[in-house]
Amino acid sequence: MQPWIAPSILSADFARLGEEVSAVLDAGADVIHFDVMDNHYVPNLTIGPMVCKALRDYGITAPIDVHLMVKPVDRIIPDFADAGASIITFHPEASEHIDRTLQTIREHGCQAGLVFNPATPLHYLDHVMDKLDVILLMSVNPGFGGQSFIPSTLDKLRQVRQRIDASGRDIRLEVDGGVNVNNIGEIAAAGADMFVAGSAIFNQPNYADVIQQMRQKISQ
Ligand code: DX5
Ligand code: ZN
């Protein structure tokens with residue numbers, strides 16, 4: 001699969017969000033990563049479906065990858081689908097019925113994914129591989145941008161890559177947290193094909209330069 005670079009708008013200037021999202025897309029981003037935090041499942045509070053809809057109304061047509069860090073999960077899914085989400089991922093610990101939540105996402109016309117925190121075991125994949133479009137490995141503990149990549153994620157990525165290849169299904173392997181130009185090469189080599197980066201992109205003056213450097217490292 002073509003690698004996807006997904007800027008996390010958590011590090012964007014929220015006062016100019018439409019412009020910021022247009023700018024990273026013009027700079028070569030493939031997908032917009034949209035972090036939803038509820039001050040309950042994670043210790044921070046961000047944005048919800050209204051902001052997703054506002055981006056669609058502003059004219060953003062690129063896929064929007066909604067990363068739900070909320071508990072409970074199910075009742076917000078229809079709102080995000082209506083607001084224009086393309087992919088919806090959630091943490092298994094935040095859902096009472098993982099299979100049902102995955103089905104709900106798909107029934108609402110979105111692609112579905114499970115998110116694994118650094119210490120969340122991979123056994124949650126055991127009975128749902130056929131319902132997954134995306135597997136997202138967190139390489140930081142969720143809640144904040146600008147943290148450092150946790151190196152043990154590389155081994156976990158290799159394990160998930162093997163499971164995806166063995167399944168024969170087209171499942172994206174996404175990584176989120178502390179991804180930057182210096183480590184994206186080894187993250188790609190470990191099997192990821194979708195790269196979330198917040199501070200590494202938005203804290204630089206020239207988004208196109210960073211995204212181009214990231215693509216170079218991925219393809220090396
Ligand atoms: C963390 C979020 C990430 C975060 C990544 O809980 O899920 O998407 O924005 O930010 P960086 O790339 O700065 O680590
Ligand atoms: Zn995220």
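Modeller: One definition before we start. A residue is buried if 20 or more other C-beta atoms lie within 10 Å of its own, exposed if 12 or fewer, and partly exposed in between. Also, keep in mind that this is a predicted model.

Colleague: Okay, let me try that. Is Ser199 buried or exposed, or in between?
Modeller: Ser199 has 17 other C-beta atoms within 10 Å, so it is partly exposed.

Colleague: And where does Ser199 lie?
Modeller: In helix α7. Ser199 touches Ser11, Gly145 and Gly146, not counting residues up to four places away in sequence.

Colleague: What about Gly198?
Modeller: Gly198 is found in the loop between β8 (194-197) and α7 (199-202). Gly198 is buried, because 24 other C-beta atoms lie within 10 Å. Not counting residues up to four places away in sequence, its contacts are Pro7, Ser8, Leu10, Ser11 and Gly145.

Colleague: Switching topic. Which residues does the "active site" annotation cover?
Modeller: Asp35 and Asp176, again from an unreviewed UniProt entry. They span 142 residues in sequence, yet no two of their C-alpha atoms are more than 10.5 Å apart, so they gather at one spot.

Colleague: Where does Asp35 lie?
Modeller: In strand β2, residues 32-37. Asp35 counts as buried because it has 24 C-beta neighbours inside 10 Å. Not counting residues up to four places away in sequence, Asp35 touches Ser8, Leu10, Thr46, His67 and Met69.

Colleague: And Asp176?
Modeller: Asp176 sits in strand β7, residues 172-176. Asp176 has 26 other C-beta atoms within 10 Å, so it is buried. Leaving aside neighbours within four places in sequence, Asp176 is in contact with His67, Leu136, Met138, Ser139 and Val196.

Colleague: Let's zoom out. How many helices and strands does the protein chain have?
Modeller: The chain has 8 helices and 8 strands. Its radius of gyration is 16 Å, close to the 17 Å that the globule rule gives for 220 residues, so the chain is as compact as a globular protein of that length. Along its principal axes, the C-alpha trace spans about 45 × 40 × 30 Å.

Colleague: What share of the residues count as buried?
Modeller: Of the 220 residues, 41% count as buried. As for contacts with a separation of 6 or more, residues 24 or more positions apart account for 64% of them.

Colleague: Pick a helix for me. Which residues of α4 are buried?
Modeller: Thr101, Leu102, Thr104 and Ile105 are buried in α4, which covers residues 98-107. They cover an arc of only 160 degrees around the axis, which puts them on the same side of α4.

Colleague: Why would residues three or four places apart point the same way?
Modeller: Because an α-helix has 3.6 residues a turn.

Colleague: What covers the buried residues of α4?
Modeller: The cover includes α3 (77-82), β4 (87-90) and β5 (111-116). On the face turned away from the buried side, α4 carries the exposed residues Asp99, Arg100 and Glu107. After α4 comes Gly109, with a positive phi near 85 degrees.

Colleague: Which residue other than glycine has a positive phi?
Modeller: Asn39, with phi near 60 degrees. Asn39 lies in the loop between β2 and α2 (49-58). With 12 other C-beta atoms within 10 Å, Asn39 is exposed.

Definitions and conventions: Residues numbered from 1 in each chain as written. Chains lettered and ligands numbered in written order. Predicted model: local features only at pLDDT ≥ 70, side-chain atom pairs only at ≥ 80, totals over all residues. Helix = DSSP H or I, 4+ residues; strand = E, 2+ residues; numbered from the N terminus. Contact = placed C-beta atoms within 7 Å. Rg over C-alpha atoms; globule rule 2.2 N^0.38 Å. UniProt positions renumbered as here; feature names shortened; annotations may be inferred. Arc of directions from axis to C-beta.
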